[in-house]
Amino acid sequence: MTMQLFVSLFTLLIQHQVEKTQAIIPQKFLLVTDTHNGIRRIDIDTGSNVTISPDGLRNPFGIDYDPVDGRVYWSDEKTIRSANLDGSDARLVRSISQGGDLWGLSVDSVSRLLFYTDDGNKVIGMISLDNNSHQIVVDSDIGRPMDIELDKHNGVIYWSDPVRSRIERCNYDGSDRQTLIVASLLLKRPYGLALDTEGRRLYWADGDTQLIGWTEVDGKRSDFFFNHRRSYFMGLDIYQDELFVTDWGSLQHLAQTTHIYRIGKNKTMMASVQVKGRVNDVRVYAEETTRKGSNGCGNNNGGCRYICLPTPGNRSKCFTPLDKSHVCGEYISPSGFISSLSYTRQSMEIEDCIYIIKTTPGHRITLTFLTLETEDCRFDFLQIRDGSTKHSPSMGIFCNTRVPDRVRSTSNTMWIRFRSGSQSGTGFNATYSSAIIPQKFLLVTDFDNGIRRIDIDTGSNVTIRPNGLHNPYGIDYDPVDGRVYWSNLEEKTIRSANLDGSDARLVLNISQGVFLLGLSVDSVSRLLFYADGGNKAIGMISLDTNSHHIVVDSDIGNTVDIELDKHNGVIYWSDHIMGKIERCNYNGSNRETIISTSSYLKNPTGLALDTEGRRLYWADIGTHLIGWMDLDARRPEVFFNQTDSFFVGLDIYQNELFVTDWGPKHHNSQTTHIYRIGKNGTMRAAVQVNGRVSDVRVYAEESIQKGLPSLTSLSSPSSVSSFSAELLIFFESSCDIVDLVLVLVIAAFLKRDFILFPPLCVRSLNRSVPSSLHFFVLSPSSSGTASCGQRGSSDCGPAK
């Protein structure tokens with residue numbers, strides 16, 4: 001085999017991966033909602049179909065497609081959601097928890113608007129697809145709004161009302177409301193609607209009269225189009241003079257199968273297919289019809305700042321939404337404008353509004369203020385919280401013109417409340433953006449007050465109090481799941497929560513003899529290690545399976561802190577009683593004492609490991625100093641000392657140490673100093689905080705990326721010898737049998753015994769690959785060995 005052939009095979013492999021990420025989307029397709037099975041996309045030309053089940057899909061009904069962003073929108077009980085055509089990147093668009101019962105929806109992709117019917121609240125609503133602002137369009141004299149159709153060229157809404165047996169219309173802003181057709185022999189319970197804009201006809205499907213009828217859009221003439229005995233028509237749409245309709249049949253709501261009919265211009269059935277499930281709404285998308293659908297909002301949003309509404313004659317008018325609900329805005333776009341209602345309309349009305357910004361998980365939100373003007377701080381204020389609820393950590397309350405230029409969240413949600421009770425002032429106006437921003441913060445446990453998160457750059461901090469917080473001591477952070485882990489000293493538990501304190505969970509409860517202190521997380525190997533002074537043990541917990549294992553249980557005095565060499569799979573711990581620092585491998589093997597009682601060390605507490613500098617730092621309450629040891633030469637040195645100190649927590653970031661000091665009052669201290677000590681052993685910063693702060697952990701995005709282990713086994717024999725890999729292949733999507741064949745050929749050419757695959761690929765192929773093959777993920781320019789269970793085992797990690 002020549003090198004040219006190898007290159008060709010490798011190129012073919014990469015091309016195959018790229019092709020799999022680019023779905024073949026037909027130019028003409030149906031979208032239907034299936035109550036039991038999800039959302040189906042059916043190719044109009046071939047009849048082939050795929051079912052997608054995005055996250056959050058429960059009981060879909062209304063559906064439509066936005067060709068601009070390539071996203072499907074559907075109504076689902078009390079929510080409206082969206083996703084890509086393959087079901088990926090599912091998002092919540094709007095949640096209506098109070099009385100909501102959502103049915104039909106329709107998208108105007110040019111004006112960037114979505115309209116929906118809400119039977120629970122008897123309203124028709126409008127949502128901007130660009131900024132997620134919300135407006136109620138019709139809220140009176142409605143029986144049961146069902147389906148909704150849009151004349152996107154002229155800005156007109158049509159909706160069916162089966163309870164009041166009529167079809168109505170109005171403009172996008174709710175004006176010029178008219179009844180188009182009322183109860184008759186043709187119409188009793190209208191459900192689905194389909195608008196023929198060129199023929200100027202509106203078609204409807206009626207579940208009671210078992211027919212499809214039509215009326216001219218001016219309401220002057222109506223007629224029968226098609227009927228079918230024992231039918232129960234539901235969804236309806238039109239494409240090139242052909243109607244597509246869903247029929248539940250005589251079983252109606254109890255139907256387990258649905259007919260989808262294709263009815264031609266001459267009123268004859270061109271095709272009929274029966275599918276399993278109760279199919280509700282149906283929408284047709286065809287590329288050529290979309291290109292014809294321009295309106296007055298198509299050019300630069302009609303020149304409007306917020307919402308553009310199309311009007312007849314290819315004209316438009318601008319509109320500022322006034323949300324009638326308490327939640328005055330939910331924003332999910334990556335960036336945009338946000339302002340109070342008083343600012344946009346310059347009114348003097350009293351306001352008390354909630355605004356929620358939500359972006360992609362892993363991103364942070366930056367809010368930049370342009371204006372904040374209020375009058376009386378007793379009545380007028382702006383409150384910002386780091387999270388999605390009123391219970392999330394506060395980031396500040398602002399009034400008058402006192403506001404920072406920029407406020408940044410630590411999570412992907414931000415909660416904003418604006419209260420204006422003095423009937424004066426202009427409100428606030430701001431921009432927001434979201435991005436993956438390197439996060440650098442301290443996490444410290446405050447025995448009396450909770451957990452504090454401190455921004456390293458700005459010094460700003462928030463206190464979080466998750467459920468189950470009782471005298472916390474040890475702490476660490478898992479950036480993979482974005483969760484904080486802490487030990488509760490008195491409750492004898494280990495718990496976790498999101499960074500804003502939400503979703504608190506119990507990880508481990510050890511009721512017998514426990515005295516939990518330090519803990520440390522290996523986010524790559526998905527392991528947590530903890531020190532148990534009561535049972536004289538060091539334990540290990542799998543973050544994925546919650547399985548528990550004792551690593552060390554002999555010859556221990558009182559273990560205070562734990563540090564992990566995540567690269568080599570080594571545990572370091574301080575023993576306050578026996579006056580020594582020890583280490584062993586993750587599995588408890590190769591245990592050794594690296595330093596014992598001396599002039600440098602008597603009662604060690606906090607530890608900090610510098611993996612690049614090969615140094616281990618410790619804080620000592622007996623000698624009042626911070627020392628360090630070269631892990632290769634085993635030579636201890638003094639780094640920093642301070643009289644009357646009582647050092648407890650310790651961590652390192654970029655050659656700077658962060659240490660907590662209870663001072664001369666020791667355990668009775670009511671305040672704590674947090675020191676930032678530079679590379680040369682001089683104090684760069686000191687801050688005194690109320691409370692007895694114990695452990696400290698630094699999280700920095702860039703340092704986490706450097707800390708990947710050299711070798712993480714996914715499925716391997718229990719012992720593998722060291723080797724150096726010459727081939728490294730990363731997949732960004734799932735793999736299939738073509739991937740396997742191509743990689744096997746490449747491996748044979750290179751005469752390699754080991755093939756490197758991603759976890760997702762290994763899981764999908766694990767049952768079919770030969771047992772002699774071993775799969776690993778290896779970081780660049782690294783080598784090492786791994787120790788874990790047999791094929792399919794989840795208890796894997798690096799070994800020294």
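Which residue takes a positive phi in the hairpin of β39 and β40?

Author: That's Gly482, with a positive phi near 65°, in a hairpin that has 4 residues between the strands. Before we zoom in, a word on the numbers: residues are counted from 1 along each chain as its sequence is written, and side-chain values use heavy atoms, with hydrogens and water left out. This is a predicted model, where local features need pLDDT of at least 70, side-chain atom pairs count only at pLDDT 80 or more, and totals for chains, interfaces and linings use all residues.

Now, the hairpin. Strand β39 covers residues 472–478, and β40 covers residues 483–488; strands here are DSSP runs (E, at least two residues), numbered from the N terminus. The two pair in the antiparallel sense over 5 bridges, where pairing takes at least two DSSP bridges between the strands. Pro472 has Asn488 in β40 as its bridge partner. β39 is largely enclosed by the rest of the structure because 7 of its 7 residues are buried (under 20% relative accessible area, 1.4 Å probe, protein chains only).

How far can you trust the model? Look at pLDDT, the predictor's confidence in each residue, from 0 to 100. The protein's mean is 79, and 78% of its residues reach 70 or more. Over residues 749–800, though, the pLDDT is below 50, and this stretch has 150 contacts in the model beyond near neighbours in sequence (heavy atoms within 4.5 Å).

Technical notes
Buried means under 20% relative accessible area, exposed over 50%, partly exposed in between (1.4 Å probe, protein chains only).
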